[in-house]
Amino acid sequence: MTGRDRKLTRFLRIAAFSIGMIFVLLGVLRGEHLEVFAKAVRICLECIGIG
Amino acid sequence: MSGMHRDRVETKDRPGLHERFRLLIQLASAALVNGYAAGFAGCKIFTGTSKMVCLPVLNCYSCPGALGACPIGSLQAVEGGAKHNISFYVLGTLMLFGVLFGRLICGFLCPFGLVQDLLGRIPARKLHVPEKIDKPLRYLKYVILAVLVILLPMLAVNQFGIAPPYFCKYICPAGTLEGGIPHLLMNESLRKTAGALWNWKLGILILVILGSVFVPRFFCRYLCPLGAFYSLFNRFSLFRMDLDKSKCVDCKSCENVCPMAVKVTEHINSPECIRCGKCKAVCPVDAISSRFETDMLTRNVAVKKVD
């Protein structure tokens, strides 16, 4: 791995990690986890191939 | 026992030991994410608060044992809902797992990966898919991720702004296996409503099962949108594989055992690598290693090994 590749890898890691954290927080603030919860606690008939 | 003989025996036993260790982790992971035993006993699913947690693995949330939410199902549920067009919560969670582990999750944690590995153990002649067919087919999982999981739930909505989970509805064999079959076995009224869609999904499941018997990790290679998402992070995830080219004797043992048919000596951190570690276990000269790089935030780290 060259020095340039290493710098790029480091940049991508930090960028992806930071964006991931921001996205999770933003999602929680928007209440998306509650939408996920509402979907996950009912049998999803489409998911299991019924309708 | 002489040192040389002991080393030879250890090297010979290592792939078997490694596979037993990996199987143990896979079984533990499958049991952990599907730990709601009461769901299998009575015809119901878990409704506790852990269901709002997005799991990093493909595991249908309608499985009677599921304790968490499937990321692919959740992504479509939020995008296809009336409130939001994009799910930051799910994408962010997957990005975090991706940057930490890459496709290590496919190799060690995914219950549907375990199913495929077990099917692959059935004694049958394994097919070598010619590169002309294999290479374009591998792009299919990216198309499925982009079209069925992201674009259609966002754009193909009804008058209320709601869209069905297209991937789950028309493709996902994990949903049929983990959710559909148990519920249909336990619930007569659901059995009566099963129609053309059920037959279609059962057909897909049978295709994936047969495919996995003859082509290792058939679903991961060609169809899995979650694997496609994680593969975007494989080249720079903190968990990575390393090949010491000064040790490598080019025997190709690693490439012969790779279930994903990765050219290990050329692209050890290929997007297709599921980090199962078979290559590392079989290497006769210990040229392959894996590690968590903890130097994400530090500069000028000396790197001895060559990628």
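Visitor: Let me start with a detail: how far does the backbone oxygen of A:Arg30 lie from a polar atom of the side chain of B:His84?

Guide: The backbone oxygen of A:Arg30 and that side-chain polar atom of B:His84 are 3.4 Å apart, where a polar contact is a pair of N or O atoms within 3.5 Å, and within protein one must be able to donate a hydrogen and the other to accept it, with residues adjacent in sequence counting only if both atoms are side-chain atoms. Please keep in mind that this is a predicted model, in which local features need pLDDT of at least 70 and side-chain atom pairs count only at pLDDT 80 or more, while totals for chains, interfaces and linings use all residues. Residues are numbered from 1 along each chain as its sequence is written, chains are lettered from A and ligands numbered from 1 in the order in which they are written, and side-chain values use heavy atoms, with hydrogens and water left out.

Visitor: Which residues does B:His84 touch?

Guide: Leaving aside residues up to four places away in sequence, B:His84 touches A:Arg30, A:Glu32, A:Glu35, B:Val78 and B:Glu79, contact meaning heavy atoms within 4.5 Å. With A:Glu35 there is also a side-chain to side-chain polar contact of 3.2 Å.

Visitor: And where does B:His84 lie, and is it buried or exposed?

Guide: B:His84 lies in the loop between helix H3 (71-79) and helix H4 (88-101) of chain B, helices (H or I, at least four residues) and strands (E, at least two) being DSSP runs numbered from the N terminus. B:His84 is buried because its relative accessible area is 11%, given that buried means under 20%, exposed over 50% and partly exposed in between (1.4 Å probe, protein chains only).

Visitor: What do the side chains of A:Arg30 and A:Glu32 do?

Guide: They meet in a salt bridge of 2.7 Å, N to O, the rule being a side-chain nitrogen of Lys or Arg within 4 Å of a carboxyl oxygen of Asp or Glu. A:Arg30 is partly exposed at 32% relative accessibility, whereas A:Glu32 is buried at 0%.

Visitor: Stepping back, how many residues of each chain are in contact?

Guide: On the side of chain A there are 37 residues in contact with 58 residues of chain B. The two chains bury about 4,100 Å² between them, 72% of it on carbon and sulfur atoms, where buried area is the accessible area (1.4 Å probe) that two parts lose on being put together, summed over both.

Visitor: How many salt bridges does the rule find across that interface?

Guide: The rule finds 1 salt bridge there, and B:Glu293 and A:Arg13 form a salt bridge with their closest N and O atoms 2.5 Å apart. Between the two chains, 13 residue pairs are in polar contact, both residues at pLDDT 80 or more. On chain A's side, the elements that give two or more residues are helix H1 (3-29) and helix H2 (32-40) of chain A, and the largest share, 16 residues, comes from H1(A).

Visitor: What about salt bridges within chain B, say for B:Glu272?

Guide: B:Glu272 pairs with B:Lys141 in a salt bridge, the closest N and O atoms being 2.9 Å apart. The pair links distant parts of the chain, 131 residues apart, with B:Lys141 in helix H8 (residues 140-155) of chain B and B:Glu272 in the loop between helix H15 (253-257) and H16. B:Glu272 is buried at 11% relative accessible area, and B:Lys141 is buried at 0%. Both belong to a network of salt bridges that also links B:Arg103, B:Asp134, B:Arg138 and B:Arg221.

Visitor: Changing topic, what is the phi of B:Arg275 near?

Guide: Phi of B:Arg275 is near 55 degrees, a positive value in a residue other than glycine. Most residues other than glycine have a negative phi. B:Arg275 is placed in the loop between H15 and H16 of chain B and counts as buried, at 1% relative accessibility.
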